[in-house]
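Hi,

Here is the structure I promised to pass on.

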Amino acid sequence: MDARRLTVNCSILLTEISILHRPQAAYDAGFGAVEFWWPFDVAVPADREVDALVTAIENAGVRLTHLNFAGGDLAAGDRGLLSHPHTSNEFLDSVAVAVDIGRRLGTVGFNALYGNRISGLTASAQDDLAIENLARAGRAAAAIGADVLVEPISGVPAYPLTLAADAVAVCDRVRRECGVDNVMLLADLYHLATNGDDLDTVLDDFADRIGHVQVADAPGRGEPGTGTLDIARYLRTLADHEYAGWISLEYRATRRDTFDWLADFPA
C-alpha cells in the first residue's frame with residue numbers, strides 16, 4: 001500500500017507514548033500524515049494547548065489531515081454534542097477552534113459525531129438541531145477548503161446513525177435544506193461491517209459521497225489481517241470508483257510492531 005495516502009489516527013494508535021510525541025512516532029514509522037479525535041479535555045482549550053499540538057505536528061514534519069470536533073466525554077459514552085440543545089454551543093465553539101487548527105496545518109476533513117439520542121427530547125427535534133449545526137460547521141470548514149464528515153458508528157445503542165445510508169440521508173438533508181454541499185460520509189469500514197452493512201454495496205452506491213475512509217479489521221478492530229474483512233479488495237473498489245482521498249489507520253494495535261502488515265499488504 002502506498003504510505004503516502006495513509007494517515008495514522010494518533011488517538012487510537014501509538015497510545016503507549018504521550019499524545020504530543022505521537023506525530024513524531026508516526027513520522028519515524030514512515031508516515032507523512034496523522035489525524036486525531038478531539039485531543040483536548042474541553043471544547044475551547046487554552047491557546048498554549050493548541051499551540052503545543054500544532055508545534056508537535058509541525059516539528060514532526062507531518063500533516064494533520066483530519067480532526068474531530070469536540071464530541072463530549074467519549075470514555076463515559078458520549079458520541080457527539082451537535083444534536084443536544086445543552087451542548088450545541090459547545091460544539092460550535094469547538095468548530096471555531098478546529099478550523100483554526102486546520103488552517104494552520106492543512107486539514108481537509110473534520111469529523112462531527114452526531115450525538116446519542118437523549119431522553120426528554122424527540123428524535124425530530126434532535127435531528128433538526130443537528131442539521132442546523134452541521135450546516136454551520138460545513139460553512140466554517142468550507143472557508144479553508146475542508147469537508148465535514150458524518151460517521152456511522154457501532155457499539156453505542158443510543159447513537160442513531162449505524163448504516164452508511166443513515167449518514168448519507170443526513171448529508172442529503174443538509175444539502176437540500178441549507179445549501180451546504182461539503183458534508184460527507186465518513187466510511188469507517190469496521191463500524192459499517194460490524195453494524196451489518198454490505199461493504200460492496202456501500203462502496204458501489206455511495207463512493208461519490210465518501211469524504212474519508214478509515215480501516216480496521218472485524219471482528220476485533222485490530223490490524224488488517226486480524227479479522228475477516230477483505231480490506232485490500234474494498235480499497236481496490238474505492239480506487240475503481242476514483243476515490244483519491246486519505247485512508248486512515250484507525251485500529252487498535254494487537255502487537256508490538258503494529259504496522260508490520262503493511263509490508264505484505266497488496267498495493
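Let me start with helix 4 (residues 123-142): its 20 residues, at 1.5 Å a residue, should span 28 Å, and the end C-alpha atoms are 28 Å apart, so the two agree. The expected span here is 1.5 Å times one less than the number of residues. Helices (H or I, at least four residues) and strands (E, at least two) are DSSP runs, numbered from the N terminus.

Before going on, some housekeeping. This is a predicted model, in which local features need pLDDT of at least 70 and side-chain atom pairs count only at pLDDT 80 or more, while totals for chains, interfaces and linings use all residues. Residues are numbered from 1 along each chain as its sequence is written, and side-chain values use heavy atoms, with hydrogens and water left out.

Back to helix 4. Its buried residues include Gln-126, Leu-129, Ile-131, Leu-134 and Ala-141. Buried means under 20% relative accessible area, exposed over 50%, and partly exposed in between (1.4 Å probe, protein chains only). Among the elements covering them are helix 3, strand 4, strand 5 (147-150), helix 5 (164-178) and strand 6 (183-188); contact here means heavy atoms within 4.5 Å.

Helix 4 lies across strand 4, strand 5 and strand 6, at about 145° to strand 5. Axes are lines fitted to C-alpha atoms, for helices over the stretch in contact, and angles run from 0 to 180 degrees between N-to-C directions. With helix 5, the axes come within 10 Å and cross at roughly 75°. The two helices are therefore roughly perpendicular to each other (the cut-offs: under 35 degrees is roughly parallel, over 145 roughly antiparallel, 65 to 115 roughly perpendicular and the rest oblique). On the helix 4 side, Asp-127, Ile-131 and Arg-139 are among the residues making the contact, and on the helix 5 side Val-170, Arg-173 and Cys-178 are among them.

**The barrel**

How are the strands arranged? Eight of them form a closed barrel in the order 1-2-3-4-5-6-7-8, with parallel pairing, and the twist averages 30° from one strand to the next. Two strands pair if DSSP finds at least two bridges between them.

Strand 3 (residues 63-68) is largely enclosed by the rest of the structure, because five of its six residues are buried. On one side, four bridges pair it in parallel with strand 2 (residues 33-36), and Phe-36 has Leu-67 as its bridge partner.

**A few residues to look up**

Ala-112 sits in the loop between strand 4 and helix 4 and counts as buried, at 1% relative accessibility. Its contacts include Phe-69, Phe-91, Leu-134 and Val-148.

The peptide bond from Ala-218 to Pro-219 is cis. Arg-221 has a positive phi of about 60° without being a glycine; it lies in the loop between strand 7 and helix 8. Glu-242, also not a glycine, has a positive phi of about 70°, and its relative accessible area of 69% makes it exposed.

Cheers

Notes: Lists of a residue's contacts leave out its neighbours within four places in sequence.
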